[in-house]
Each structure stands twice: as C-alpha cells, then as structure tokens.
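Some labels used for a protein model rest on cut-offs. The questions below ask what stands behind them.

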Amino acid sequence: MNSIISWVGGKKALRELIYQRMPKDYGRYIEVFGGGGWVLFGRKPDASMEVYNDYNADLANLFRCVKERPLALLKELNFLPINGRDEFNVLKKYLEKEEFTSEYLREELELAENCLSPLQFEEIKSILIENATMSDVKRAAAFFKLIRYSYGSGCTSYSCQPFDIRKTFHLIWSGSRRLKDTVIENKDFEALILQYDRDNAFFYCDPPYYQTEGHYEVEFKKEDHVRLRDTLKQCKGKWLVSYNDCEYIRELYKGYYIEAVTRINNLAQRYEGGCEYPEVLISNYDTAERLRDAPMQIGLFDLADGFYNTDSDLKRPCEI
Ligand SMILES: C[S@@+](CC[C@H](N)C(=O)[O-])C[C@H]1O[C@@H](n2cnc3c(N)ncnc32)[C@H](O)[C@@H]1O
C-alpha cells in the first residue's frame, strides 16, 4: 500500500528497485530513517519483526497514533476541518510550542510519585497518562493536517490548494491495520542500529541526502554522514543505503557494493518533463542474490538493461 503521507525525499518511485535488492532471508526489517515510510508501507508484512524509526518526534508520534489510536485520531481530524491559511498558521504554532512531550510526562509522573502517597499516585497516574495520550492524538492530528496542507509536504508554507482532510480517512484506517505489528521508534540512527543489530537483521537506511540535509526539521550535519558509515561498518546484519549519486558519498562508501540507479525527479518533472535524478544504492551484501534465485526464463544480463533500470555496476564484486 501507499504511505499515509507524502514526505520530502519519499521513496515511492524507488521502492520497487529496493524490494528486488533486499536480502533473500532476514529475521528483522528495520527502516532507520523512516520519513513517510514509503518502503515499509509497500512491503508485504511477513514473519519478520518490523521496525519504523525517525528522529522527528512528530513523525513517530503520528505513526504511533495511527497504529494505536485510529478512532481518536479520526475524531480529532474531523474537528473543524477548515483548511485555510489561518488554520495552517495555528497548527504550525501549536506544533512549535512543544506543549506535551513524553519527557514532560515522565517528569510529571516522577514528581507525582515522589510527592503523593502510593494510593494517590495510582489514582492520578492514569489521569496523567490519559491526558498525555489525548495530547499526543491532538499533536498527531495537527501534524497530519500540516503535512497535507503544506506545499510539497514540507510543513513550512501553505499550499493554497483547497483540500478536504476527510478524504484521507480511509488511509488512516488501512495504515492502522498495516502498522499493527510494527514497532515504532523515535531514536537517533546510531542508537537504533546498535539496539537492533543481529546477524539476521536487515537495515534500510534513507538518510537526508548529501547537501540537502536542511530539508528536514531534525538537524543532520555533514559529520553525521561519516557517523552513519562508521556505525554501519560495525554491523553484524545486512544493510542497504540510498543516497544521491555524488563523489563524496562514493568516496565515503568506497569498498562496498555501489549501484547507480535513476528515477523520475517528481518536483523537477513539474517544470521540466523527463527529468531524472541520479541515486546510488549502497550495500554490504550482494544485492543480486534475490534475483539470481528467482525462477526466470530470461538471463541476468537482460535484467541489467531492462528490469533493473540502471547503468549497473551491480554485478561488480565488493572491493573490500
Ligand atoms: C530522506 S527522508 C526518509 C524518507 C523515507 N524513506 C520515505 O520514503 O518517506 C530522511 C529522514 O531522516 C530523518 N532523520 C534525520 N536525522 C535523523 C537521525 N539522526 N536519526 C534518524 N532519523 C533521522 C528525517 O527526519 C527524515 O524524515
């Protein structure tokens, strides 16, 4: 299925290529830079454990609410669905205020436990949690609307296109069913990778692209590209990273499998028909293993030109 949101850098156009290149066997699938979760939503859920992660707390909260509180979220979304510039500005301000975070809840619970008798604490605990949960739903609804109402889903400027949010309600329902067994995390990539790394793990990483880091709310520094490579270097499991094709990234991942791929550039396509965007898929395993084993009547080299849609150095062995 499609994701419930568009997201800057979303991998809708690239995901078929990614599925074809996933390892044949793995016991846990971890999407490290989840964003809109386009690759996760499109893959068939299987017996493997599945993890969605993004360091953007609003994204993680939205997916948690879609998964666990779809009815409350729909109710909240249905409240005053105006969609005008004024509502957009109010939503933006509300989200910037950071009114209720899980850190805040933790502190409040700690304080209540220290100050109240155990009996009083038990009574107030559920109220505090209920309040926080309600607030999470409100925040999720505001964030969902902000994405839907903003230009290019960038959450910064109003798109000026009238849009009835109620048209998306079926997405919340199917999204909730799709995420029913998915673990939702809100961690920095390094902590997440270390936590979930096992021999049978498969990490799909789609970090902010080199020199386009500023497109996201969460700050991603130039040093973070190196930190990601160094974290992946230690991995017991398999990993696949997507990046923009540039000298810096090719040099950074020298010695790993690097495959050049292209896809239509959606934004540029609006102004310039046929504009393609060069990207690379980098991995620490042979991404051709799944295709090699698939029962096929055509040869692998036919695939390299057609099915693969790449200027393929895919078959080139790892140089490390
Ligand atoms: C290119 S987008 C991912 C798009 C996603 N693959 C999709 O299809 O929608 C990169 C994501 O990385 C997240 N991010 C930035 N810094 C991060 C960090 N240190 N750890 C985890 N996620 C981070 C951003 O919030 C952003 O959503």
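Q: Why are α4 and α8 called roughly antiparallel to each other?
A: In this predicted model, the axes of α4 (residues 70-78) and α8 (residues 169-178) cross at roughly 165°. Angles over 145 degrees count as roughly antiparallel, and α4 and α8 are therefore given that label.

Q: How do you know where the axes of helix α4 and helix α8 come in relation to each other?
A: The two axes come within 10 Å. α4 passes α8 in a right-handed crossing.

Q: Which residues make the contact between α4 and α8?
A: From α4, P70, L73 and L74 take part, and from α8, F169, I172, W173 and S176. Two residues are in contact if their C-beta atoms lie within 7 Å.

Q: What makes up the contact of α4 with α8 by class?
A: Six residues are nonpolar, one is polar and none is charged.

Q: What surrounds the ligand, and which residues are the closest?
A: The shell holds 21 residues, the closest being G9, F33, G35, G36 and W38. By class, the shell has eleven nonpolar, six polar and four charged residues. Gly counts as polar, whereas Phe and Trp count as nonpolar.

Q: How many of the residues in the protein are buried?
A: Of the 320 residues, 33% are buried. The label requires 20 or more other C-beta atoms within 10 Å of a residue's own.

Q: How many helices and strands does the protein have?
A: The secondary structure comes to 14 helices and seven strands.

Key. Residues are numbered from 1 along each chain as its sequence is written. This is a predicted model: local features need pLDDT of at least 70, side-chain atom pairs count only at pLDDT 80 or more; totals for chains, interfaces and linings use all residues. Axes are lines fitted to C-alpha atoms, for helices over the stretch in contact, and angles run from 0 to 180 degrees between N-to-C directions. Helices (H or I, at least four residues) and strands (E, at least two) are DSSP runs, numbered from the N terminus. Angles under 35 degrees count as roughly parallel, over 145 as roughly antiparallel, 65 to 115 as roughly perpendicular and the rest as oblique. A crossing is left-handed if the near helix is turned anticlockwise from the far one by less than a right angle, and right-handed if clockwise. A residue is near a molecule or strand if its C-beta atom, placed from the backbone, lies within 6 Å of it. A residue is buried if 20 or more other C-beta atoms lie within 10 Å of its own, exposed if 12 or fewer, and partly exposed in between; C-beta atoms are placed from the backbone.
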